[in-house]
Amino acid sequence: MARRVALAAVVAVLAALVVAETASAAVTCGDVTSAIAPCLSYVMGRAGAPSASCCGGVKSLSSKASTAGDRRTACSCLKNMAGSLKGVNMGSAATIPSKCGVAVNFPISTSVDCSSIN
């Protein structure tokens, strides 16, 4: 009987770990890049408005970045990406959330302190 209880406890702990791991899926820079890649034509001045795929990517990223850590990661990735690309219009980039109807919990700017994002 004690052996069954111990086995059940181990199974319960393993199940809890699997659920916790799934629930804590963090945003990666790859996620950010994939989500905003369709927005590049807009921020580079080659399109007059964000495309539907750009807005879809931003919405997806916004919903995926549900924790402060995810938002800090997304912010840092965006900031690094903007700094590495030539010709990015940060004014246009900053308008994407409002043009796509998405609330973003941090400013889209190369001067934002991503570590201060909650």
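Reply: One term before we start: buried means under 20% relative accessible area, exposed means over 50%, and partly exposed is in between. Also, this is a predicted model.
Me: Okay. Is Cys 77 buried or exposed, then?
Reply: Cys 77 has a relative accessible area of 5%, so it counts as buried.
Me: And which residue does Cys 77 form a disulfide with?
Reply: Cys 77 pairs with Cys 29, and the two sulfur atoms are 1.9 Å apart. The pair ties together distant parts of the chain, with Cys 29 in helix 2 and Cys 77 in helix 5 (residues 68-84), 48 residues apart.
Me: What is a disulfide, in general?
Reply: It's a covalent bond between the sulfur atoms of two cysteines.
Me: Which hand does the link of Cys 29 and Cys 77 have?
Reply: That link is left-handed, with -80° about the S-S bond.
Me: How many disulfides are there?
Reply: The count comes to 4 disulfides. If you number the bonded cysteines in sequence order, the pairing goes 1-6, 2-3, 4-7, 5-8.
Me: Tell me about another one. What does Cys 55 pair with?
Reply: Cys 55 forms a disulfide with Cys 100, their sulfur atoms 2.0 Å apart. Here too distant parts of the chain are linked: Cys 55 belongs to helix 4 and Cys 100 to helix 6 (residues 90-100), 45 residues apart.
Me: Are those two buried or exposed?
Reply: Both Cys 55 and Cys 100 are buried.
Me: And why is the disulfide of Cys 55 and Cys 100 called left-handed?
Reply: Because the torsion about its S-S bond is about -70°.
Me: What about Cys 75, where does its link go?
Reply: Cys 75 is joined to Cys 114 by a disulfide, S to S 2.0 Å. Cys 75 is in helix 5, while Cys 114 is in the segment after helix 6, 39 residues apart, and again the pair links distant parts of the chain.
Me: Which hand does that one have?
Reply: The torsion about the S-S bond of Cys 75 and Cys 114 is about -70°, so this disulfide is left-handed.
Me: Is each end of it buried or exposed?
Reply: Cys 75 is buried, with a relative accessible area of 2%. Cys 114 counts as buried too, at 6% relative accessibility.
Me: Switching topic to the helices. At what angle do helix 2 and helix 4 pack?
Reply: Helix 2 (residues 29-36) and helix 4 (residues 52-64) pack at about 150°, and their axes are 7 Å apart. That angle makes helix 2 roughly antiparallel to helix 4.
Me: Which residues meet there?
Reply: From helix 2 you have Asp 31, Val 32, Ala 35 and Ile 36, and they meet Cys 54, Gly 57, Val 58, Leu 61 and Lys 64 from helix 4. By class, this contact has 6 nonpolar, 1 polar and 2 charged residues.
Me: What is Leu 40 in contact with, leaving aside its neighbours within four places in sequence?
Reply: Arg 46 and Leu 85.
Me: And how far is Leu 40 from Ser 51?
Reply: Their C-alpha atoms are separated by 9.8 Å, and the two are 11 residues apart along the chain.

Technical notes. Residues are numbered from 1 along each chain as its sequence is written. This is a predicted model: local features need pLDDT of at least 70, side-chain atom pairs count only at pLDDT 80 or more; totals for chains, interfaces and linings use all residues. Side-chain values use heavy atoms; hydrogens and water are left out. Axes are lines fitted to C-alpha atoms, for helices over the stretch in contact, and angles run from 0 to 180 degrees between N-to-C directions. Helices (H or I, at least four residues) and strands (E, at least two) are DSSP runs, numbered from the N terminus. Angles under 35 degrees count as roughly parallel, over 145 as roughly antiparallel, 65 to 115 as roughly perpendicular and the rest as oblique. Contact means heavy atoms within 4.5 Å. Ala, Val, Leu, Ile, Met, Phe, Trp, Tyr, Cys and Pro count as nonpolar, Asp, Glu, Lys and Arg as charged, and the others, Gly among them, as polar. A disulfide is a pair of cysteine sulfur atoms within 2.5 Å. Buried means under 20% relative accessible area, exposed over 50%, partly exposed in between (1.4 Å probe, protein chains only).
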